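Please keep the sequence and the model in view while reading.

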Amino acid sequence: MNFFELYDSQESVLDRITQLKAEDYYEDDIHLLGRDDLEFDALEYMEVHFHMHVPDERGLKEILSRNEPAERYLHDFELDEDEIEKYLFKISQGNYLLIYSDLEKNEREEKGNERTESAEADFKDSTRDLE
């Protein structure tokens with residue numbers, strides 16, 4: 001499931017990222033959409049994906065960005081045009097849109113459970129050999 005959350009300050013975004021990490025999300029699972037002209041220095045030290053939005057027109061900064069531009073990224077989801085426009089409008093007003101999915105987290109948890117079960121089975125087998 002995909003989650004879309006709007007925040008009006010960098011502090012709120014950082015607090016939410018901290019909460020998500022405590023819930024076993026990786027920084028790499030998180031995507032943040034924001035305006036290109038709002039400095040967010042903390043992201044330089046994180047693996048959060050930043051998708052910039054250039055409100056007026058497609059700028060050189062957006063083209064050279066290492067991440068996909070915000071508008072194109074939003075089109076990857078099953079959102080209708082009105083929802084996309086609503087999010088882009090909020091971003092253009094200085095808000096941040098935090099997007100994350102529980103798919104990767106759930107896959108990691110399932111793999112972890114499989115490894116635990118496998119390790120327990122191996123342990124049981126090795127203790128039988130000792131008897």
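The sections below go from the basis of the model to the residue, its strand and the paired strands.

## Basis

This is a predicted model, in which local features need pLDDT of at least 70, side-chain atom pairs count only at pLDDT 80 or more, and totals for chains, interfaces and linings use all residues. Residues are numbered from 1 along each chain as its sequence is written, and side-chain values use heavy atoms, with hydrogens and water left out.

S101 is part of strand β4, residues 96–101; strands (E, at least two residues) are DSSP runs numbered from the N terminus. The relative accessible area of S101 is 13%, so S101 is buried (under 20%, with a 1.4 Å probe and protein chains only).

Leaving aside residues up to four places away in sequence, S101 touches M1, N2, Y25 and D29 (contact: heavy atoms within 4.5 Å). A polar atom of the S101 side chain lies 3.1 Å from the backbone nitrogen of L103.

## Strand β4

β4 is largely enclosed by the rest of the structure, because six of its six residues are buried. Y96, L98 and Y100 point one way from the strand, while L97, I99 and S101 point the other way. In a regular strand the side chains alternate between the two faces of the sheet.

## Paired strands

Strand β1 (residues 2–7) runs antiparallel to β4 and is joined to it by six bridges; pairing requires that DSSP finds at least two bridges between two strands. Here N2 stands opposite S101.

Strand β2 (residues 30–35) also pairs with β4 in the antiparallel sense, over four bridges. I30 is opposite Y100 of β4.

How values were computed. Buried means under 20% relative accessible area, exposed over 50%, partly exposed in between (1.4 Å probe, protein chains only). A polar contact is a pair of N or O atoms within 3.5 Å; within protein, one must be able to donate a hydrogen and the other to accept it, and residues adjacent in sequence count only if both atoms are side-chain atoms.
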